[in-house]
Amino acid sequence: MSLRKMMSRKSLMAITLSIALTLELSGFTAPFVSGTLKVAKAADNTSTAYSWNNTIPVKTPAAGAKNNGKVVLFDNAHDNAAGQADWVIDGGFSDFADALVNQGYTVKEYRGVDKNNDGAIRFYDDRSLPADQEGTSADKNEAIITYDAIKDADVFVTAEANRPFRKSEYEALKKFVDSGKGVYFIADHYNGDRNLNTWDSTEVYDGYNRCDNANYNMNGVYGDLRNTKDASKGWLSENFGLRFRFNAGDSNPLNSGQTGPTDIRPTTETEGLTDGVVGQKILMAAGSTIAITDPNKAKGIVYFNETDDLKPWASGVENSHGGSSIYFGGHKEGAFVAISKPSKGRAAFIGDSSPLEDKTPKYKNATNGNAKTTYDGWNELGNAAKLSVNIVNWLADSTQDYVGFGSTTHPSDVYGATYTPMADVEKSDPDNGNPWSAPANGFDPWNTDTWKPGSYGAPYLTTPTTPTDPTQSTFKLSLYPSYVYANEPFALNIGGNGSGVSVGMYLTGGTQVGQVYDKASNSWSTPGYTTLTGSVPLTVTAKITNTGSDNVLNIRLKNGKNNVDTKTATTLTSGYGYIEGTVDGTPGSLVAAVSNGTVIGTAQSDDSNHVKLAVKSGSGITLSLYDTAGNKKADLPNSYTVTDGQTTPIIKVIPKSSNANLSSLNIQTPDLKDIATAPIFSADALSYNSQVDYSVSSAIVTPVVADSKASVTVNGASLDSGTATIPNLTIGDNPVNILVTAEDGTTKTYTLNIKRDVCHPSNIIISNTNLQLKQGETTTLTATVNPDEAANKSITWSSSNTAIATVDQDGKVTAVSAGEANIIATTVDGSLTASCAMKVIPKSSNANLNSLSLQTNDSKNIAISPAFSTDTLAYSASVDYSVSSVVVTPVIADSTAKVSVNGSALLSENATIPNLTVGNNTITILVTAEDGTSKTYTVNVKRDVCHPTKVELNTSSVQLKKKDSFTLVATVTPVEAANKAVKWSSSNTSVATVDQNGKVTAVGKGTATIKVTTVDGNYSAACEVKVSSKPITLKDIVDAIFDFLRDLLCP
């Protein structure tokens, strides 16, 4: 996502709600409630207290139902209902919670700790709180997790936490696990930053943000939460041996071609958690995976196979930066579901909330006030319902107190530590600390006063109608009579939430005729609107003073000056009588008289439970009893006939039957074929088993009560038509609880386990039924086992003739020798077969060339000798020194042959031989036939030496005096010339001589030409030498005399 970081805006706020309701359960005191339920308040100290009284939800097993005495808490202290998320037990996780209640758990929402006992859990920005002030009066944030607040629970579920944990919160969760309890971490895709505050659940649970800028070194109670850049670091990895990857993928079996993770490990590897899950579909709809960093502590139990269709989520961060939000795929991407045993406690992890959510969101989106839409993943194909119930049962099982994995009974992850558990791309934030999208419409994720009405933690349930009326309550007429009689009292039940409701009754034209009874003063109000005392829901007694001319009465509720609900009733002055007597109930209960589904009279019972109802005359009238909150408690027995002006007594209730037996119990397939039970039914036998084929996906259960007054529920649902359909039978055990409740409340529970067989293969299809390979070639065949639901799709591969072709157990076929064979795929379950007819043809042995040519780089042909012939293997060619490279073009006679030139494979039509040396250059051309036969052709390219092209002297003329000398320097070009030798000569040695080193000596007066000539090529250059007389000095005379004497005396 792009709502990422901006730590400077972070502020933790408590969001809890209050109503006067004490929450206590046997053996479990709820410190997270502090005795009363809470009301969410704004973070500002001076703001008006919130008036949205949202009750903290608690779900308990019904009376007489299975109750294991264990408690599961669902975290809502870290914005777990942010954005489109609604992971609360009476919203988007209600089906999850109900399934746990059916298992016998008490399920509660956790919102925080009421530190100051003001009746409200409030959220304060604590990022700047020094660590040494935690727990002091300076520490005001109440939306936190403490060990004392959760220690009495058995399991703590945290789904998509969108605010970071304090260091002490991490410590509390670890202590909770180490004490033998369990935590279920439900994350989502990276950048699932639903509240636009730069934190998503992968980061919160890992213990560090993906961004590494200084804003995330928060210090104080949070510490350094910057990217560790090390998979082994961070709270989750260090304590539980794994981490959530910062990836985002899609693989939803409801989408065409997508598989979901199909590598669901067997129960022997998963501590039994995949019981009833192996072979089923599980969806990932934009989720993350889990990297195992320490296989001694953690292991994956659900993986993606390499062939699974795991796609990068279209909105993944990396996708918009030229990368991919799926890093490796298959097992290397990490587990989708994992578990950890760091101590005697337990932890479980899943990378997506989609397979756990349902489509009943409770709250509105805090950013824009829109209604949320959640996905019905709990009930769709690909749900993790069975798996999650298994997980919670394991987390709650304190007997599972072994530590770590790696033993025979508790094996470690079959894949070991995850490949590259932190990819390089995960070590930085592609969005560099920027959010998914900038908060709009005045929304600030750290200030609940800006959250839109109806969202969790917002100040109002609905938009305020006037700026002077901050109290926002919802009122409705939940129960009222359709007929009202002049001066005859009747009862109204007002539902909703809040206080300050006003009730009035008026005739057509507006005349107020309604009065409300005040029990405290034993008086009636004057006609008009009466503001009631107390909070709704409540029941009041009213009457009217006039019936009007058109017999229409309007009953209206107001919230302040605003009309919130109006109903109409018919007024009568005659045609009615009374039903009077005593009922079982509590004083103030509401009794309704009903005829053909219409409420024709209501009244409240007095302190002695006596009640008198004015009722429209008629027969077949029944009575129903409601408590003061409007909850129906019972339909009273018997029916009544009312005569004008007469009183009909309430019939005395006879003793109720205690018979909770069944007289029969039948199970049938949807096409009404009987399914046997073992043992055969007997009223006193309470436990039964039945078995059905895989083709039976649902069963019809018909429990028949021995007493017609008894009622039956099947798996918690009332039995209205005499039968109950058990849908979506899973593979393996499907427990059915049949609760019979006698008329007096006595209960008996019959249990039926319907065991559905696995799906067996019906056929096998091989990917290729005819195959031709050359000797030595390989290919891989695949086999598809149908139907897709088959539990065991394992196959074995075999060859009818291994001398012709072999096949391994992955379907890899190898052609051995020429001939024919059949490759056969056989299902392990059922021995169904499919075959491929295999023909092996021999490989070619032709290693000849058709032609061989040489060219210069400018495409001039170079003659080779002798002329090319297929059977001639050695050739020669000559090139000038100017040719430094040649292009060789060998043309093979057989297209299956391969050619290499000087040891390098020929990948195009020709090869360039660069950097020819002077002299011989051997080109080796190896032709290898398809069967390995080879032939070597050679071409010796002789490159000529470089010859001189010019010689120059350092001067073209020189003047000398007799006996002087001068050395000429000759330069031969080019510099690469091989033979730079030169010869020197003089045109007149009596004037000047020259030696072979270019030294010129002046001999006598005159002019001479000194010439230099190259030995190779006879290139020459000349210098003119002029010699003049030299003046005779004393030295010359002495030298001459000396020379004379030497010649005379030493002939």
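Analyst: Domain bounds here come from an automatic or database domain assignment. On that basis, the C-alpha centres of domain 2 and domain 4 sit 80 Å apart. Domain 2 covers 476-650 and domain 4 covers 763-841, while domain 1 comes in two pieces, 52-130 and 138-470. Keep in mind that this is a predicted model, with local features needing pLDDT of at least 70 and side-chain atom pairs pLDDT 80 or more, while totals for chains, interfaces and linings use all residues. Numbering starts from 1 along each chain as its sequence is written, and side-chain values use heavy atoms, without hydrogens or water.

Because 9 of its 11 residues are buried, α6 is largely enclosed by the rest of the structure; buried means under 20% relative accessible area with a 1.4 Å probe, protein chains only. Ala385 is on the buried list, as are Leu387, Ser388, Val389, Asn390, Ile391 and Val392, plus Trp394 and Leu395.

Zooming back out, buried residues make up 48% of the 1051 in the chain. The C-alpha trace spans about 185 × 85 × 60 Å along its principal axes. Among contacts (heavy atoms within 4.5 Å) with a separation of 6 or more, 69% join residues 24 or more positions apart.

Technical notes:
Buried < 20%, exposed > 50% of the residue type's maximum accessible area, 1.4 Å probe, protein only. Helix = DSSP H or I, 4+ residues; strand = E, 2+ residues; numbered from the N terminus.
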